[in-house]
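Below is what I looked up, roughly in the order I went through it.

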Amino acid sequence: FAQMLNKIPSSAKRVDMRMSSPGGDVFDGRAIANMMKDHPCAFDVNIIAEASSIASIIAIAGGDSVHMGDGAVMLVHRCYTMAMGNSQELAKLARDLELIDETLVGTYKKKTKMKEKDLLDLMDENRYMDSKEAKKLGFVDSRSQRSWH
C-alpha cells in the first residue's frame, strides 16, 4: 500500500479509493488508515461491495469522505484472535483485546458521534449494515458511490 501511495503524483489533490474488503489484520489496517491520513491527498472512499472488520476502520479513519453503494455492506465487530497459553497469558491476552476494542470504538465514535455502549452493542452483534443503516448511524457520509471511468 505504501508503494502505491508513493506513485500518486504530487499534483494530485484527491484519490478516489474503491473498496471491497473482507478485512484482515487489525494492525495492518491501522497502518493503512494512518498512511492515508498522513498523505497530502484527500481520500474519497467508495465502498463498492463490502467494508468488513478492519476494512470499516480503514474507510472511516483513513477516508476524508466515505460513500457506500447500493447492495454494499459494512461489518463491525470486536477483534478476534486465536490463542494458546496458560491462564495468566490468556488473561493478559483478553486485556489486550479489550484495549484494541477500545481503539476501534474510539474511531467509530469519532465518526458517528454514537455512545460507546451503543457501538459496543453493535460490535457484539457482529453487525452487518447496509448503506441505509450505515448512513443513518453516521458510519458513511452518503449512500451513493461517486462515478468513475
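I began where helix α2 begins: a side-chain oxygen of Asp25 comes to within 2.9 Å of the backbone nitrogen of Phe27. I call that a polar contact, meaning a pair of N or O atoms within 3.5 Å, where one must be able to donate a hydrogen and the other to accept it, and residues adjacent in sequence count only if both atoms are side-chain atoms.

Ground rules, before I forget: this is a predicted model, where local features need pLDDT of at least 70 and side-chain atom pairs count only at pLDDT 80 or more, while totals for chains, interfaces and linings use all residues. Residues are numbered from 1 along each chain as its sequence is written, and side-chain values use heavy atoms, with hydrogens and water left out. Helices (H or I, at least four residues) and strands (E, at least two) are DSSP runs, numbered from the N terminus.

**Helix α2**

I checked the length of α2, residues 26-38.

Which residues of α2 are buried? I found Val26, Gly29, Arg30, Ala33 and Met36. Buried means under 20% relative accessible area, exposed over 50%, partly exposed in between (1.4 Å probe, protein chains only). Seen down the axis, these buried residues fall within an arc of 125°, so they line one face of α2; the arc is that of the directions from the helix axis to the C-beta atoms. On the other side, Phe27 and Asp38 are exposed.

The buried residues of α2 pack against several elements, including β1 (14-21) and β2 (42-52). Contact here means heavy atoms within 4.5 Å.

**Strand β2**

Next I looked at β2, where eight of the eleven residues are buried. Seven bridges join β1 to β2, and the two run parallel; strands pair if DSSP finds at least two bridges between them. Arg14 stands opposite Ala42 in β2. Four bridges join β2 to β3 (residues 65-68), also parallel, with Asp44 opposite Ser65. Three bridges join β2 to β4 (residues 73-76), parallel too, and there Ser52 has Leu75 as its bridge partner.

**Gly62**

Last stop: Gly62, in helix α3. I noted that Gly62 is buried, at 0% relative accessible area. Beyond its neighbours within four places in sequence, Gly62 touches Ala33, Met36, Lys37, Phe43 and Ile57.
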